[in-house]
Amino acid sequence: MTIIRDTERPTRGGEDAAAAGGSSAGLPWHTIIPFYSLLARRTTTAVPDAPENPESAARRRPPPRRSKWLDRWGWYEHRAAGAYTTTRQAEVLNLATQRRDARSEGVLFGLNKLSQSLVIIDPFALYGDEIENINVCAIGDIGKGKSSGIKTGFVLRQIAAGRRVVVLDKKRQGASGGEYTPIARELGAASVRFRTGGGGASLNLLDPEIAATGQTGGGVDPAGQNALVAAVLEDTMGRTLSEREYAALNRALRIITDRAAASGTEATAADLAAEMLAPSTHTADGTPVTDFGELWEDEARRWGRDPGLALRRLCDGDLKGLVDQPTSPDVRAALEHPLVHFDVSEMPTKGPALRVIMTVIHTWLANVLAARADHHEQTLLVVEEGWHIAGGSTGQVFHDNMKLSRGLGLSTVSAFHHISDLPAESPARALMKEAGIVLLYGQERYEDAAEAVAMYHLPPGTEETLMNLPKGHCLVKYGSQDPMLVEHVRSSTEQRLTDTDAIIKGEQ
């Protein structure tokens with residue numbers, strides 16, 4: 001038996017002599033062992049580096065039997081060929097992409113495009129764990145899928161989860177009314193339409209549901225009639241009320257409210273304007289009015305002149321038939337359905353009327369929910385054209401009411417096109433910053449994408465991501481967490497109800 005010299009491994013002991021042509025007979029046992037190990041290593045570990053036939057490379061030979069004695073002596077080497085794998089198995093190497101959302105409760109929104117896991121976007125289910133503010137904000141260009149995402153994830157599916165949804169519908173959709181009209185019709189909900197000049201629903205600026213000073217007794221105090229009327233007057237007059245004017249307003253509100261309660265009627269803005277222009281000298285029970293003392297009482301009768309004239313102009317002009325009459329019965333009845341559809345699509349975009357009616361609705365709803373705080377109702381208010389509440393004193397009242405969202409169980413879902421369209425000190429910008437859930441859709445202009453990146457402190461380079469997002473995709477950000485790329489997924493029924501392209505495509 002001839003020993004073959006191993007040129008790849010240093011020999012041991014008598015291997016040098018055997019390699020010169022000697023026989024294996026008479027060799028010590030510790031030189032025979034290396035000889036067998038060489039045969040084993042040469043016959044089992046030789047693997048071609050780059051086989052010419054790919055099919056033969058796929059058929060791997062079974063691993064050889066290992067000898068525990070040879071293994072102990074260290075004669076086995078690592079295999080030259082690596083193990084076959086796939087990109088799916090290799091995902092485990094990137095642990096950051098493998099974090100799966102273990103949450104099982106809440107409303108599904110879509111699919112995480114990185115981990116392919118389902119995404120829950122539900123302000124009430126995420127509260128306490130992921131977010132502390134239950135308000136939601138969606139930002140993106142026209143045609144990027146904001147409306148379909150809101151209708152799917154924050155209207156239809158929320159109603160299916162047992163929540164109430166109130167919609168302020170400003171977008172006109174043909175002759176049928178607002179774009180939420182098909183959804184309301186499908187769900188059997190009434191569409192409450194507001195029109196300037198009368199002929200539509202009205203929501204009294206001085207509705208008894210709105211507490212005089214916001215003190216509802218439920219532990220949460222939204223804006224009351226005093227703050228709401230003052231905000232409406234300031235927007236109309238273009239300046240803040242003076243201390244004297246504010247004092248005259250408060251006295252007039254108290255007098256007409258007490259008078260209406262004594263007669264079993266409902267005070268209106270027209271009554272308030274008349275009282276401010278011609279203040280009463282006695283209350284309903286005949287008691288003289290001496291709010292400011294005998295010295296200033298005569299002069300105080302003139303303090304409410306300018307606000308009274310402004311309020312009368314609103315009642316005869318922009319707000320005629322909207323907030324100057326008792327609240328329509330269909331407005332109160334609308335709250336009995338899970339979907340409350342307030343159609344304001346016929347309201348003019350110029351002037352204070354639209355902003356005022358939106359603020360009145362929000363304040364009225366906040367007061368109603370505060371009075372029903374013991375019922376623990378979960379409600380979402382959807383305002384797709386959020387820029388209408390961007391400025392003015394009424395916008396500030398809207399924003400102040402939103403700060404009470406946790407106590408009211410009221411999540412406001414608002415949508416905007418471009419951050420750069422809004423003034424730096426706008427209440428809408430504050431609303432965007434404070435939202436617990438932000439959905440960032442595609443932006444075509446770099447400056448708009450850069451504004452979103454700066455506001456939400458997104459990583460550098462996210463501008464390009466926002467500018468290249470396809471329709472129906474968005475970056476979702478919870479609180480201070482990093483954003484995730486999500487595609488909202490809709491069923492065939494949801495696609496039919498959320499489609500707003502029928503008119504532009506000429507479809508019936």
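Let's start at one residue. Setting aside neighbours within four places in sequence, serine 280 is in contact (heavy atoms within 4.5 Å) with Ile255, Arg259, Glu275 and Val289. One of these partners also gives a polar contact: the side chain of serine 280 pairs with the side chain of arginine 259 at 2.9 Å. By polar contact I mean a pair of N or O atoms within 3.5 Å; within protein, one must be able to donate a hydrogen and the other to accept it, and residues adjacent in sequence count only if both atoms are side-chain atoms.

A word on the source. This is a predicted model, where local features need pLDDT of at least 70, side-chain atom pairs count only at pLDDT 80 or more, and totals for chains, interfaces and linings use all residues. Residues are numbered from 1 along each chain as its sequence is written, and side-chain values use heavy atoms, with hydrogens and water left out.

Where does serine 280 sit? In the loop between helix H11 (269–277) and helix H12 (293–300). Helices (H or I, at least four residues) and strands (E, at least two) are DSSP runs, numbered from the N terminus. Is serine 280 buried or exposed? Its relative accessibility is 17%, so serine 280 counts as buried. The cut-offs: buried is under 20% relative accessible area, exposed is over 50%, and partly exposed is in between, with a 1.4 Å probe and protein chains only.

Now the helix packing. The axes of H10 and H11 come within 9 Å and cross at roughly 125 degrees. Axes here are lines fitted to C-alpha atoms, for helices over the stretch in contact, and angles run from 0 to 180 degrees between N-to-C directions. H10 and H11 are therefore oblique to each other. The classes are: under 35 degrees roughly parallel, over 145 roughly antiparallel, 65 to 115 roughly perpendicular, the rest oblique. From H10, Leu249, Ala252, Leu253, Ile255, Ile256 and Arg259 meet Asp271, Leu272, Glu275 and Met276 of H11.

Next pair. Helix H9 (residues 225–237) and helix H10 (residues 243–263) have axes that come within 11 Å and cross at roughly 130 degrees. That makes H9 oblique to H10. On the H9 side, the contact includes Val229, Ala230 and Leu233; on the H10 side, Leu249, Asn250 and Leu253 are among the residues involved.

On to the cores. The largest nonpolar core has 78 residues, and Phe194, Leu272 and Phe342 have the most contacts inside it. Such a core is a set of buried Ala, Val, Leu, Ile, Met, Phe, Trp, Tyr and Cys residues joined through side-chain atoms within 4.5 Å. Helix H15 (residues 353–371) supplies the largest share of this core, 13 residues. A second, separate core of 33 residues includes Phe124, Ile183, Ala415 and Ile437. Back to leucine 272: not counting residues up to four places away in sequence, its contacts include Leu206, Val229, Leu249 and Leu311.

Helix H19 (residues 446–455) next. Its buried residues are Asp448, Ala449, Ala452, Val453 and Met455. Their cover includes helix H18 (427–434), strand S9 (437–440) and helix H20 (462–467). Just after H19, histidine 457 takes a positive phi of about 55 degrees.

Last, the whole chain. There are 22 helices and 11 strands. Of the 508 residues, 46% are buried. Among contacts between residues at least 6 apart in sequence, 71% join residues at least 24 apart.
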